[in-house]
Amino acid sequence: MTGVVSLGVAGSLGPDAIAAFAPAVEEAGFHTLWVNDTPDGDALAALAAAARVTERLHLSTGVVPVDRRPAGEIAEHAASLGLPLERVTIGIGSGIARQGALARVREATDALHDAGLPRVLVGALGPRMRRLAAERADGVLLNWVPPRETREQAAALHAIAPRTRVAVYVRTALDPEARERLEAETARYAAFPNYAANFERMGVDAIDTTIRDGADLAAAVDAYTAAADEVVLRAIVPHDTVEAYVDFVRRAAPTAGRGERRP
């Protein structure tokens, strides 16, 4: 397996800022620009803004929680924005409401497909959600997983559905000044019971699922692209400015050409 390399950013940056550096992401050779969706950050609006200033760059939400934004709302919003569906993947997740999570994601996946959105990917932590994603959606987004477990989980998913796309989100800090932000985010996730349980199952510390040194970037990307169809470098920068993200793109660009470019 030789996966492609993509870039992930925070939806809270806003459409204008994301559009300002999206051409640099495309020029650097990244496969996809992933934008997470938060109460203060509309991922779909950000992708629409990025689409207007790029030509080839694939675009994905990573991910929209369907307990907060139901599938019908997502589909209507995507249609109203005129997103180029040939370049777009809608990533969804169950959200924070644990009860009924599997049914909620299954219904949302089917509804988005029925609405004409051709590629739906599911953010999945546990084995049951990963299996559902492989069986009903078009891909799976792994999160906070080191290369060894990425390889094992991807192999299991491809055994269920050989054509399912397995992407993995990897928090990445290339600037020493961003290390404190990375450690704070890592500690926050490690405190969530479901993530804590997952780290315990894998036998790793949360920080071991991140890239923390620019000098190690190429080797880390090689390890992940050997394990999954796509590695998403979730950029952690010292300050949320356009200049900081452009600098991250510049520093990570040599790894963006690794792997095959896939539709």
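Leaving aside its neighbours within four places in sequence, Y245 touches V9, L13, F21, A235, V237 and D240, where contact means heavy atoms within 4.5 Å. This is a predicted model, in which local features need pLDDT of at least 70 and side-chain atom pairs count only at pLDDT 80 or more, while totals for chains, interfaces and linings use all residues. Residues are numbered from 1 along each chain as its sequence is written, and side-chain values use heavy atoms, with hydrogens and water left out.

**Y245 and its helix**

- Y245 is placed in helix α10, which covers residues 242-256; helices (H or I, at least four residues) and strands (E, at least two) are DSSP runs, numbered from the N terminus.
- Y245 counts as buried because its relative accessibility is 2%, and buried means under 20% relative accessible area, with exposed over 50% and partly exposed in between (1.4 Å probe, protein chains only).
- Y245 and N36 are 209 residues apart along the chain, and their C-alpha atoms are separated by 15 Å.

**The whole chain**

- The protein chain contains 10 helices and nine strands.
- Its radius of gyration is 17 Å, close to the 18 Å that the globule rule gives for 263 residues, so the chain is as compact as a globular protein of that length. The radius is taken over C-alpha atoms, and the globule rule is 2.2 Å times the number of residues to the power 0.38.
- The C-alpha trace spans about 45 × 45 × 35 Å along its principal axes.
- Of the 263 residues in the protein chain, 55% are buried.
- Among contacts between residues at least 6 apart in sequence, 77% join residues at least 24 apart.
- The chain exposes about 11,300 Å², of which carbon and sulfur atoms supply 51%. Accessible areas come from the Shrake-Rupley method with a 1.4 Å probe; for residues, only the protein chains shown count as cover.
- The chain has 29 positive and 35 negative charges, and the mean positions of the two groups are 5 Å apart. Lys and Arg count as positive and Asp and Glu as negative, while His and the chain ends are not counted; each charge is placed at NZ of Lys, CZ of Arg, CG of Asp or CD of Glu.

- T54 sits in the loop between α2 (43-52) and β3 (58-61), and T54 counts as buried because its relative accessibility is 6%.
- The side chain of T54 makes a polar contact with the side chain of R87 at 2.9 Å. A polar contact is a pair of N or O atoms within 3.5 Å; within protein, one must be able to donate a hydrogen and the other to accept it, and residues adjacent in sequence count only if both atoms are side-chain atoms.
- A polar atom of the T54 side chain also lies 2.8 Å from the backbone oxygen of A50.
- Not counting residues up to four places away in sequence, T54 touches A22, P23, E26 and R87.
- L59 belongs to strand β3, and L59 is buried because its relative accessibility is 0%.
- With residues up to four places away in sequence left out, the contacts of L59 include A50 and R87.
- L59 and A43 are 16 residues apart in sequence and 10.0 Å apart in space, C-alpha to C-alpha.

**E230 in a strand**

- E230 is located in strand β9, residues 230-235, and is buried, with a relative accessible area of 3%.
- The side chains of E230 and T32 make a polar contact at 3.4 Å.
- Apart from neighbours within four places in sequence, E230 is in contact with several residues, among them H31, T32 and W34.

**Backbone features**

- Most residues other than glycine have a negative phi, and most peptide bonds are trans.
- W144 has a positive phi of about 55° although W144 is not a glycine.
- W144 is found in the loop between β7 (139-143) and α6 (147-160), and is buried, with a relative accessible area of 1%.
- G62 and V63 are joined by a cis peptide bond with an omega of about -5°, and V63 lies in the loop between β3 and β4 (64-65).

**A partly exposed residue**

- A196 lies in helix α8, residues 193-202, and counts as partly exposed at 31% relative accessibility.
- A196 and A215 are 19 residues apart along the chain, with their C-alpha atoms separated by 28 Å.
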